Amino acid sequence: MSETVIKIEDLSLAYETEKTRFEALKNINLEIKKGEFVCLIGPSGCGKSTLLGVLEGLLEPTSGKVYIEDREVHGPGSERAVVFQNYSLFPWMTAKKNVSFALRESKRGIQKISKKDANKIAEEYLEKVGLAGYENKQPGELSGGMQQRVAIARALACNPEILLMDEPFGAIDAKTREVLQQLLLKLWAEDENKKTIVFVTHDLEEAIFLADRIVFMVPKGIHSVIDVNLERPRDKEKLMLSDKYRTLRSRLVKLFNNEEDNSEFIGGAGI
Amino acid sequence: MSISEKASDSGLGLTETEKIVKISKKKVSWFKRIVNVPNFIFLLIWAASFLPSRYASEMKMGLMDFKAFGVVLILVEAVFILRNGSEDKYRAQNDILVFLYLFFLIWEVGVSRLNLLPYAFVPAPENVFYVFYEDYAAILEGFRSSLILIVFGVSLALVFAVILGTLVGWVPRLRNAVYPIVKAISTVPPLIYTSYVVLIMPTFFMASLTVVFLSIFWGSFMGSINNTAFVEKKVINSAKVLNMKTIPMLFKIIIPFNMPRILNNLPINLATALMTLTAAEMIGASSGMGYYVRVSLTYANYTKAVAGIIFIGIVVTILNIFIELIKKKFVTWQY
């Protein structure tokens, strides 16, 4: 359980245009263990999405290295799957096709999966996320919450070691968000080969509810890493009443407020 | 009554806000289909046809039988009454038909009945529509030869434009080099070099094909480069994290994503193609719809020329309806 899966070493990343150079990340060091649920949290513009982008393999660091299971990361890989914030499904494909297509493409050159098998796996995962009966709908016919369920099914169906999530519930109404958080925890917990999850959010409560560890980021770097020692399975209502939760929350709120005072607005959260 | 077993058992099924409620549209009642303004004007046209005709007595070519015009009117009316429209479309279709019938009414009364414009180049509607009956073989032949060129030329141009444009749009170095050149070329109106192309090509078929191809290609090529640049970033990222290579990326992600836009542009492309083709046909063809109009004009047969012009309009409209049907079938989403 305690072996390191993701290792980030002296990572720096700068966005360069012709005239300006903007340093988004500077000298980041972080290790994430197998089966761990880590939340990256921080004010907007602090580089949390950029850091996730590097893990996704969509952004190349300016200096420093990222290792996944001791292999240096260059570009995306089939051991990682990503859930984006929204509008990331392929709009011309049905829900089922979205999942089976991703499954077949991600395993291309590694493992041959027939269309039939891929469809079967897709149906299975869509059922797991509560979308049985919606397999043949296109994303445009689904609500935001349903689309994110498909996105989760798509990522999980590829059976990755690592699940990278970039504010997946950020654009969803509060009630549905809670249900999806619980669904995610349930799917994560019932997996035999527990996945490592890196989850970007700006919602404190979401981070505390989900994470084993919270990485609190400030512009350019990591401010502190906070352990969340709350028993699982977690129940939101009971959690709210516990002292541990409240201390943790007030600590994070303080961090947030201190930071927001002396950090100026630097840009959006997108990559 | 739950659709989902596993997820809903644990209370993690779809929440109320997630579910989508569909509202079905109301159909138009038969009463409304029959009792309305366009049908009133329709009756006026028929009534007008019974008035004495000054055109018949004053013009040399005389007035043809009302039958052909009548058949056209009945066809239009049949489509109007039997269409399968919903309430919101109904009003627009009504208004379109009011315009059409008013035009027919003014034409019928002003020209056939009162002969307000006693010139040879303003033919009566009876005569114009009679041409469709009398001269249908020549018209259909022209239609056939023009349609082959259009369908062939447009599809060829689009296939090349979309594939090359997507490739160029996707590779930054290619885009930076090619885009300015394409932009310059695509601003030259194809009509300018049509006569030149007709002159240098060995056969008229080759010449027309080249003209149609060129009239569509440059614009669509530029459009494809632009479309590729504007594909939703998150969709591209979703594909990138699947480790897709360039060629599958283009054919499985970018082109399908841009398909609705390509089909949306098809009516404009068809109109452009038809315009350049008929222009080319008027310069140097021996068949085709443009040729038909030109020959009629050369022999001062204005009735046939007007019939040819109307026919081209009908063909374009039918092609556009056909495209709409294709779009409904294959593009079930819009971004």
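At 4% relative accessibility, A:Lys195 counts as buried, where buried means under 20% relative accessible area, exposed over 50% and partly exposed in between, with a 1.4 Å probe and protein chains only. Its partner in a salt bridge is A:Asp191, with the closest N and O atoms 2.7 Å apart; a salt bridge here is a side-chain nitrogen of Lys or Arg within 4 Å of a carboxyl oxygen of Asp or Glu. A:Asp191 counts as partly exposed, at 24% relative accessibility.

The model is predicted, so that local features need pLDDT of at least 70 and side-chain atom pairs count only at pLDDT 80 or more, whereas totals for chains, interfaces and linings use all residues. Residues are numbered from 1 along each chain as its sequence is written, chains are lettered from A and ligands numbered from 1 in the order in which they are written, and side-chain values use heavy atoms, with hydrogens and water left out.

Over all chains, the rule gives a count of 22 salt bridges. Side chains of opposite charge can pair when their charged atoms come close. In chain B, B:Arg54 forms a salt bridge with B:Glu58, the closest N and O atoms being 3.0 Å apart. These two residues are separated by about one helical turn, because they stand four residues apart in helix 4 (residues 54–58) of chain B; helices (H or I, at least four residues) are DSSP runs, numbered from the N terminus. B:Arg54 is partly exposed, with a relative accessible area of 43%, and B:Glu58 likewise counts as partly exposed, at 42%. The salt bridge between B:Arg113 and B:Glu108, with 2.8 Å between the closest N and O atoms, has a buried residue on each side, B:Arg113 being at 6% relative accessibility and B:Glu108 at 0%. Salt bridges that share partners also join A:Glu105, A:Arg108 and B:Lys252 into one network.

Turning to the two chains together, 43 residues of chain A are in contact, that is, have heavy atoms within 4.5 Å, with 33 residues of chain B. The area buried between them is about 3200 Å², of which carbon and sulfur atoms give 64%; buried area is the accessible area (1.4 Å probe) that two parts lose on being put together, summed over both. Two salt bridges cross the interface of chain A and chain B, and A:Arg149 forms a salt bridge with B:Glu18, the closest N and O atoms being 2.8 Å apart. Between chain A and chain B there are 12 residue pairs in polar contact (both at pLDDT 80 or more), a polar contact being a pair of N or O atoms within 3.5 Å, of which, within protein, one must be able to donate a hydrogen and the other to accept it, while residues adjacent in sequence count only if both atoms are side-chain atoms. On the side of chain A that touches chain B, the largest share, six residues, comes from helix 5 of chain A.

Within chain B, the domain assignment, automatic or from a database, gives domain 1 (30–133) and domain 2 (135–330), with C-alpha centres 34 Å apart. The area buried between these domains of chain B is about 930 Å², of which carbon and sulfur atoms give 78%. Across this interface the rule finds zero salt bridges and one residue pair in polar contact (both at pLDDT 80 or more).
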